[in-house]
Amino acid sequence: MTDDKLTPDEAEPLWREARRRLRDVEVEPPLTRARLDALQRRIGPRGPSEDLRSWLRRGRHAREAPPAADAGVIVPFQPGRQRFRPVSRFTRLAADTAGGRLELPERELESDDGRFRMRVRREADQVVLELQALGFTTDQFAGRLVGLASPDEEDVPVAMVALDEDADGSVRLADTPELRRALLRPVIGLVEEA
Amino acid sequence: MRLSKPVRGFQVNSILDRLAVDVLGVLELCLSEAPLDHDRLQLALLATLSRRRYVVNLLYRDFRRDGESAIQRYDLPDGTSIQIHDQAIVYLDKVLARRPKLARRLRETPGNMHLLLGLLARHSARGGGWADVEVRRDPDLGARGEDPDFLEPLARALAAQRQRLGDDYGEDSARRRREHGPIWLVRGACAAELPEEMSLFEVLEATPVPLQADFADDPELQRMLARVMDSLNERYMLLRASGLDPDEWHDRDEPSIARLRELKQLRRPAEDLLRLQIETDVDAAYRRTFDELKGTAASLGGFASFDAFATSPVGQAILRHGVLSLDEPVAGGDEDDERARHETIASEAPPVDAAVAERHDAGAWTRRLLAAHPGWFDPVMAAFFTAVIGHGRPIHGADGEAGLLDDLAFRRLVRAEPSLRDLAPGELAEELYERAEAIIRRGLAEASLSRT
């Protein structure tokens with residue numbers, strides 16, 4: 001294969017192949033159990049004799065019912081409008097991170113500076129992450145929005161948790177490699193207006 | 001599930017094969033729990049059918065409506081959204097909910113829907129001999145067995161379905177039933193009669209859920225699901241290819257499948273005549289095409305002349321669609337459209353363009369396109385084109401596999417690009433897709449211009 005200039009006869013089939021492949025690309029995020037749950041909560045149950053279209057239309061105008069689980073909702077990070085300021089780090093034991101697979105932490109973690117405790121558990125195809133500010137730092141973080149990032153990419157959190165007045169919070173997230181990678185050595189930070 | 005490589009025994013080479021894979025994914029989401037949640041099943045199917053891939057390649061395009069008005073978008077708490085397309089509702093309602101008639105060639109063999117139920121039932125996680133379930137016609141068998149695991153939901157659901165159907169089934173079914181007996185699902189000492197005709201939803205309703213976690217890996221089940229999707233889809237595909245709105249025409253007896261096969265041949269040559277300005281009027285283009293295709297035969301699509309065609313409701317609908325579709329650059333002219341509308345899965349040859357690409361190694365042919373037009377690709381699009389188009393890497397990660405948007409190097413490129421860095425992942429994927437589409441359109445236009 002040489003990188004010589006393409007003649008129109010050579011280029012056209014390649015562009016057509018590119019178009020064929022592009023049409024097969026999945027643009028939308030996968031339909032996971034979590035996303036389907038959220039859609040179902042948003043639309044609500046169909047009435048006994050309700051027409052399919054009316055049901056979907058009704059659902060579109062309905063407010064989403066609160067999630068049934070104990071975890072908070074996911075808040076997307078907006079890089080242009082928000083800033084992420086790392087404040088605390090976790091170090092997981094080598095045993096936790098051994099091997100090629102990105103294992104979730106099995107035990108409760110405490111940040112290196114003792115300011116945060118984190119628990120992670122898997123439910124169906126989701127990960128529930130619980131975060132708690134400890135001791136004197138409770139007042140500092142109560143009611144604040146914090147994020148969790150990977151040390152490889154400290155400026156963009158992969159998850160955000162709104163802490164309550166006791167500086168506790170939880171979030172339910174899709175189980176992605178990106179999240180698992182961040183959970184190898186998580187960085188906790190404050191999310192502030194840019 | 002990823003489609004960039006052979007998946008689960010499917011030879012993924014048409015939009016219907018892909019749909020079968022995705023429907024299998026939906027079944028995994030819905031049949032692994034009991035009882036079956038019908039709302040959830042329908043929403044999952046609608047969300048799947050409304051994905052861009054199916055809107056572009058499978059669903060009928062109503063040119064009277066703009067794209068946005070045909071979509072209902074539901075924002076989700078994770079910042080993404082799911083859209084449901086109007087034509088997905090039509091497809092669910094007309095195609096997936098249809099009860100296919102028994103094929104004439106079948107003698108004592110039950111239909112694909114019946115066999116699908118048997119294959120699903122084999123994977124029931126309820127224990128108690130489901131693995132040996134059999135579905136067959138048998139003139140001597142009677143309903144038997146009071147095992148609660150068999151009665152609920154399977155035997156009771158089937159009884160209700162039989163009652164609903166009554167004797168409202170096709171002549172071929174009635175004849176085979178007389179000759180070879182009713183169709184039975186047999187599990188050990190239990191037997192329940194199946195309705196002569198079943199829809200996909202009726203099959204799922206009777207399935208003894210929950211199914212085992214790995215049920216979707218069964219190659220026999222995969223092949224059967226692909227066959228079911230293929231047979232359900234046939235009329236819809238032909239209507240779409242002919243330019244007849246399936247919402248209006250799917251449930252009618254006419255035009256028949258045979259006539260639709262003839263009528264669908266009109267559209268492409270007529271649109272070519274108009275595009276090449278050999279004809280400037282839609283009626284004239286279709287008249288010329290009709291006369292050429294009909295030749296000396298007595299009729300085409302059931303019409304003895306173009307005038308008979310043009311004054312019929314079918315002809316008027318096709319001509320109206322022909323006028324409207326001309327305003328849309330995506331309508332016609334694409335050999336890919338035709339490939340996507342093929343009528344059987346098994347018989348399809350690999351697309352010609354794929355053969356061209358196979359002669360080049362995966363990365364090399366995209367590199368040649370990039371090298372030929374360096375000014376067309378900024379760093380983000382060069383990376384996107386190479387990874388997604390060239391190597392088939394998915395945009396989004398799933399099932400523990402990282403997608404392009406999970407790639408740190410790619411994310412750095414995106415953050416360096418002001419027009420992209422603030423976009424949510426769904427919006428970013430859309431934007432990248434559209435930019436790639438624009439580049440490809442430009443490439444095709446330039447290649448076509450250079451040749452002429």
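Predicted model: local features only at pLDDT ≥ 70, side-chain atom pairs only at ≥ 80, totals over all residues.

Author: Residues are numbered from 1 along each chain as its sequence is written, while chains are lettered from A and ligands numbered from 1 in the order in which they are written.

Reader: What ipTM and pTM does the predictor give the complex?

Author: Both values come from the predictor and refer to the complex. They are an ipTM of 0.82 and a pTM of 0.73.

Reader: Over which residues of chain B is the pLDDT below 50?

Author: The pLDDT is the predictor's confidence in each residue, from 0 to 100. Chain B has a mean pLDDT of 85, and 87% of its residues reach 70 or more. One stretch below 50 has 20 contacts in the model beyond near neighbours in sequence, where contact denotes C-beta atoms, placed from the backbone, within 7 Å; this stretch is residues 1-9. Another stretch below 50, with 35 contacts beyond near neighbours in sequence, is residues 329-352.

Reader: What percentage of the residues of each chain counts as buried?

Author: A residue is buried if 20 or more other C-beta atoms lie within 10 Å of its own, exposed if 12 or fewer, and partly exposed in between, with C-beta atoms placed from the backbone. Of the 194 residues of chain A, the buried part is 37%. Of the 452 residues of chain B, the buried part is 40%.

Reader: Which element gives the largest share of the side of chain A that touches chain B?

Author: The interface brings 52 residues of chain A into contact with 69 residues of chain B. On the side of chain A, the elements giving two or more residues are helix H1 (8-23), helix H2 (33-43), helix H3 (52-61) and helix H6 (177-182). The largest share, 14 residues, comes from H1(A).

Reader: How do the residues of that side divide into nonpolar, polar and charged?

Author: Ala, Val, Leu, Ile, Met, Phe, Trp, Tyr, Cys and Pro count as nonpolar, Asp, Glu, Lys and Arg as charged, and the others, Gly among them, as polar. On this basis, the side of chain A that touches chain B divides into 26 nonpolar, 4 polar and 22 charged.

Reader: Is Glu26(A) buried or exposed, and which residues of chain B does it contact?

Author: Glu26(A) lies in the loop between H1 and H2 of chain A. Because 24 other C-beta atoms lie within 10 Å, Glu26(A) is buried. Leaving aside neighbours within four places in sequence, the contacts of Glu26(A) are Arg51(B), Arg53(B), Pro394(B), Ile395(B) and His396(B).

Reader: What is the strand order of the open sheet in chain B?

Author: Two strands pair if DSSP finds at least two bridges between them. Strand E3 (residues 134-137) and E4(B) pair in the antiparallel sense over 4 bridges, with Arg136(B) the bridge partner of Trp184(B). E4(B) is also joined by 4 bridges to the antiparallel strand E5 (residues 190-193), where Leu185(B) stands opposite Ala192(B). The order of this open sheet of 3 strands is E3-E4-E5.

Reader: Why is strand E4 of chain B largely enclosed by the rest of the structure?

Author: Strand E4(B) covers residues 183-187. It is largely enclosed because the number of its 5 residues that are buried is 4.

How values were computed:
Contact = placed C-beta atoms within 7 Å.
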